[in-house]
Amino acid sequence: MQHLLSNRVLLGQAPRIVIKIGSSSLTENGSLAREQITRLVDVVGPARARGQQVVLVSSGSIAAGLKPLGFRRRPFDVRDQQAASMVGQSHLIRAYTDEFARYGITIGQTLLTPDDVVDRRHYNNVQSALNRLLHLGVVPIVNENDAVVTDEIRFGDNDRLAALVAHIVDATALILLTDVEGLYTAPPVTPGAELISEVTNMDALANLTITGKGSDVGTGGMATKVDAARMATSGGVATLLASTSQLGAALNGEIVGTWFLPRSRKVPARDLWLRHAALVKGTITV
């Protein structure tokens with residue numbers, strides 16, 4: 001079990017980290033923005049070279065498949081989403097393969113569904129597979145398997161998936177990258193909104209106005225990122241919410257973004273999924 005990380009200055013020394021990046025940070029005008037992936041890898045590559053093990057939870061497969069299929073925006077129909085994912089995933093992984101190769105780093109594609117967290121056999125297999133990849137020096141590129149999941153059975157967004165993966169691999173820290181510089185006291189466009197530098201108690205956020213869905217190509221928003229931070233920290237994983245451009249500064253120990261302090265114990269990822277993210281149906285009558 002990893003020691004709890006309470007000081008963000010030490011983030012660049014954390015032995016194992018999970019980094020989540022969303023579609024809005026990887027795409028431009030509905031297409032995969034290769035230069036964005038280049039900039040991301042130029043931070044993650046040196047971190048891996050200095051000994052940090054990194055798991056990258058990356059959105060972008062559906063967004064990357066929109067232009068090749070002639071879609072102007074993310075489709076509503078689940079079959080069209082699946083088609084875009086199947087087309088776009090190959091473009092996404094090829095880009096990561098080429099960029100990490102500049103640092104002599106091998107990547108491994110990992111596509112997950114909720115069954116891989118809830119079912120004990122699947123859970124153990126995923127845990128063993130990811131740990132083996134990390135042991136071999138590989139950077140796993142994790143994404144939800146959009147080609148086979150449905151609206152009824154899915155993680156919902158990669159923020160929650162990243163929180164669960166952080167527990168599966170027993171990560172020291174989770175970094176959630178977005179297009180704003182952290183969590184604010186109100187939507188950033190609101191006059192007087194201030195950046196919250198540190199959150200020690202998630203209950204203190206109850207009175208804040210936290211928005212939902214962000215960009216047209218993504219599925220999450222600030223609300224899902226706060227939920228993911230809650231999931232991660234409740235099980236002992238320190239969490240940083242910051243803009244994609246701040247990743248390098250964060251790993252250099254600079255005070256950026258919003259830092260969520262972890263609680264004092266870890267919780268199995270399956271329990272976190274059932275508690276925070278699973279769709280609950282039915283009633284109990286006594």
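1. Contact here means heavy atoms within 4.5 Å. The model is predicted: local features need pLDDT of at least 70, side-chain atom pairs count only at pLDDT 80 or more, and totals for chains, interfaces and linings use all residues. Residues are numbered from 1 along each chain as its sequence is written, and side-chain values use heavy atoms, with hydrogens and water left out.

2. Overall make-up. The chain has 10 helices and 10 strands. These are DSSP runs numbered from the N terminus (helices H or I, at least four residues; strands E, at least two). Of the 286 residues, 52% are buried. Buried means under 20% relative accessible area, exposed over 50%, and partly exposed in between (1.4 Å probe, protein chains only).

3. Val 9 lies in the segment before β1 (16-21). Gly 253 is 244 residues away in sequence, yet the two C-alpha atoms are 4.0 Å apart. Setting aside neighbours within four places in sequence, Val 9 is in contact with Gly 253 and Ile 255. Its relative accessible area is 40%, so Val 9 is partly exposed.

4. Helix α2 covers residues 34-49. At 1.5 Å a residue, its 16 residues should span 22 Å, and the end C-alpha atoms are 22 Å apart, which agrees. The expected span is 1.5 Å times one less than the number of residues. Buried in α2 are Ile 37, Leu 40, Val 41, Val 44, Gly 45, Ala 47 and Arg 48. After α2 comes Gly 51, with a positive phi near 110 degrees.

5. Packing of α2 on α4. The axes of α2 and α4 (residues 78-101) come within 9 Å and cross at roughly 45 degrees. Axes are lines fitted to C-alpha atoms, for helices over the stretch in contact, and angles run from 0 to 180 degrees between N-to-C directions. The pair is therefore oblique. Angles under 35 degrees count as roughly parallel, over 145 as roughly antiparallel, 65 to 115 as roughly perpendicular and the rest as oblique. From α2, the contact uses Arg 34, Ile 37, Thr 38, Leu 40, Val 41, Val 44 and Gly 45; from α4, Leu 92, Ala 95, Tyr 96, Asp 98, Glu 99 and Phe 100. By class, that is eight nonpolar, two polar and three charged residues. Nonpolar covers Ala, Val, Leu, Ile, Met, Phe, Trp, Tyr, Cys and Pro; charged covers Asp, Glu, Lys and Arg; the others, Gly among them, are polar.

6. Helix α3 (residues 61-69) has Ser 61, Ile 62, Ala 63, Ala 64, Gly 65 and Leu 66 buried. These buried residues pack against α1 (23-26), β2 (27-28), β3 (31-32), α4 and β6 (139-144). Gly 70 follows α3 and has a positive phi, near 85 degrees.

7. Packing of α7 on α8. The axes of α7 and α8 (residues 222-234) come within 8 Å and cross at roughly 15 degrees. That makes α7 roughly parallel to α8. Asp 159, Arg 160, Ala 163, Leu 164 and His 167 of α7 meet Thr 224, Lys 225, Asp 227, Ala 228, Met 231 and Ala 232 of α8. This contact has five nonpolar, two polar and four charged residues.

8. Asp 170 deserves a look. It sits in the loop between α7 (158-168) and β7 (173-178). Its phi is positive, about 55 degrees, although Asp 170 is not a glycine. At 22% relative accessibility, Asp 170 counts as partly exposed.
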